Amino acid sequence: MAEKGFLLVADITGYTMFLTSSELEHAQGVLDALFKSILAEIQAPVVLSNFQGDAALAYLPDSKVPQPQFPLDAIERIYCSFANTLAAMQLNTTCTCNACRNMDKLDLKFFLHHGAYVMQTLAGRNELQGPEVIRLHRLMKNSVIKATGIRAYALITAQAADAIGLPEFFAKTVRHVEPSDEFGDTACFVYDLAPVFARWRAGRRIVVEKSEPQVFESIECDLPVPPAVAWTYVTDVAKKVRWQQGIDAMSMTGLSAGRVGLGSTQHCAHGKGSFVHDIVDWRPFDYVTYHIHTPFGTVVRETAEFTALDDGGTHLSIRCAPPESANTLKQAMARMTMPLVKGKLERDRRASREVLMRVVAEDVAAQPPG
């Protein structure tokens, strides 16, 4: 039976030249570490189909897409894992063999398409089949690097871009057309991933550690969905408003080309008042940290952390530090007044946890099987 969804290939650039110009034993060790860095980040709801030499083929059914920007977040996460692994090997090696010297020739590129496909069982393995799968593979032999000079890229077809939405984001990418004798011209968007890794590497980590003093009892719960899906219940306002207690409405501003991320702000309305949550650290699908604006110009630092469980679910931990400010007097005043509202906020947080667990369970029960 045919399904529709996203088709994704992660392909190592420079693979063949690296193997043929390097000592096989050392080269294999380098490539093994890089493949593991890719495989570790192809997680539910993305499904790995197979490895094909220097590339990994995966898919994501439309029925499993957690939020519109998810395919982009997933690509960025895989690339940062790969690039970080490669950078660490280059930094830590003292070996002078060809394999270690040639590591800087390696990189990673992605091909994202959207269309129909079928699953066919061949020799006991499930394989993706269909014309759109063939089109995706044809796109791997392209002129992107020659035309744009971009080595680490995501080539996203117009069909995939339409399925994602986010026209503001794609307006900032490089338009590219790839010809084919079989499929004609395929309109695409080329997205440079090197700046994504540079920002990821330079980003300052802001978290509320479990060992820190906390102003509220932490929210701790297990959810029957993978981290990438649990993530959306905290970061997607349309989902968060379903379980967050004490809130009448919720909206998001400060989007980056239509995407939620570092620098975006959640506005939570309750009656005539509102809470403002600035995103100050954004690490899909590990954790997100907010600065919640509190009286006297202080902020409460809140981290939502997502940990994968062995059963495929997620442990969610939401922790809040006491009010903070560079002005010690304002900080002291905010902390002194916190007990006046702490009781109600604690009750709302406990109620929110129970509603969240119920909402996620109901959503899982409503999903089609498979």
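1. Which residues touch the most other members of the largest nonpolar core? In this predicted model, they are Ile38, Leu108, Phe110, Leu193 and Leu316, out of 86 residues in that core. Helix H3 (residues 70-92) gives the most to this core, with 11 residues. A nonpolar core here is a set of buried Ala, Val, Leu, Ile, Met, Phe, Trp, Tyr and Cys residues joined through side-chain atoms within 4.5 Å. Buried means under 20% relative accessible area, exposed over 50%, and partly exposed in between (1.4 Å probe, protein chains only). A second, separate core has 18 residues, including Val9, Val133, Leu136 and Tyr153.

2. A word on the ground rules, before the details. The model is predicted, so local features need pLDDT of at least 70 and side-chain atom pairs count only at pLDDT 80 or more, while totals for chains, interfaces and linings use all residues. Residues are numbered from 1 along each chain as its sequence is written, and side-chain values use heavy atoms, with hydrogens and water left out.

3. Now the chain as a whole. There are 13 helices and 15 strands in the protein chain; helices (H or I, at least four residues) and strands (E, at least two) are DSSP runs, numbered from the N terminus. The C-alpha trace spans about 70 × 55 × 40 Å along its principal axes. A compact globule of 370 residues would have a radius of gyration near 21 Å, and the protein chain agrees with 23 Å. That radius is taken over C-alpha atoms, and the globule rule is 2.2 Å times the number of residues to the power 0.38.

4. How much of the chain is covered? Buried residues make up 48% of the 370 residues. The protein chain exposes about 17700 Å², with carbon and sulfur atoms supplying 56% of it; accessible areas come from the Shrake-Rupley method with a 1.4 Å probe, and for residues only the protein chains shown count as cover. Of the contacts with a separation of 6 or more, 65% are between residues 24 or more positions apart, where contact means heavy atoms within 4.5 Å.

5. Strand E6 (residues 153-157) deserves a look on your screen. Five of its five residues are buried. Tyr153, Leu155 and Thr157 point one way from E6, while Ala154 and Ile156 point the other way. E6 pairs with strand E4 (residues 107-122) in the parallel sense over three bridges, and with strand E8 (residues 186-192) in the antiparallel sense over five bridges. Two strands pair if DSSP finds at least two bridges between them.

6. Leaving aside its neighbours within four places in sequence, Leu193 is in contact with Ile75, Glu76, Tyr79, Phe110, Ala152, Tyr153 and Ala154.

7. On to the rings. A search of the whole structure finds 13 aromatic pairs. Rings of Phe, Tyr and Trp (its six-membered ring) pair if their centres lie within 6.5 Å; planes under 30 degrees apart count as stacked, over 60 as edge-to-face and the rest as tilted. The Phe169 and Tyr191 rings have centres 4.9 Å apart and planes at 85 degrees, so this pair is edge-to-face. Phe169 sits in helix H8 (residues 167-171) and Tyr191 in strand E8, 22 residues apart. Phe169 is buried at 7% relative accessibility, and Tyr191 is buried at 10%. Elsewhere, Phe70, Trp231, Trp282, Phe285 and Phe306 form one aromatic cluster.

8. Most residues other than glycine have a negative phi, and most peptide bonds are trans. A cis peptide bond joins Ala44 and Pro45, with omega about 10 degrees; Pro45 lies in the loop between helix H2 (24-39) and strand E2 (47-52). The bond from Pro284 to Phe285 is also cis, with omega near -5 degrees, and Phe285 is in the loop between strands E12 (273-283) and E13 (287-294).

9. Which loop residues have a positive phi? Leu166 has phi near 55 degrees and is found in the loop between helix H7 (158-164) and H8; Leu166 is buried, at 15% relative accessible area. Phe296 has phi near 65 degrees and lies in the loop between E13 and strand E14 (298-308); Phe296 is partly exposed at 36% relative accessibility.
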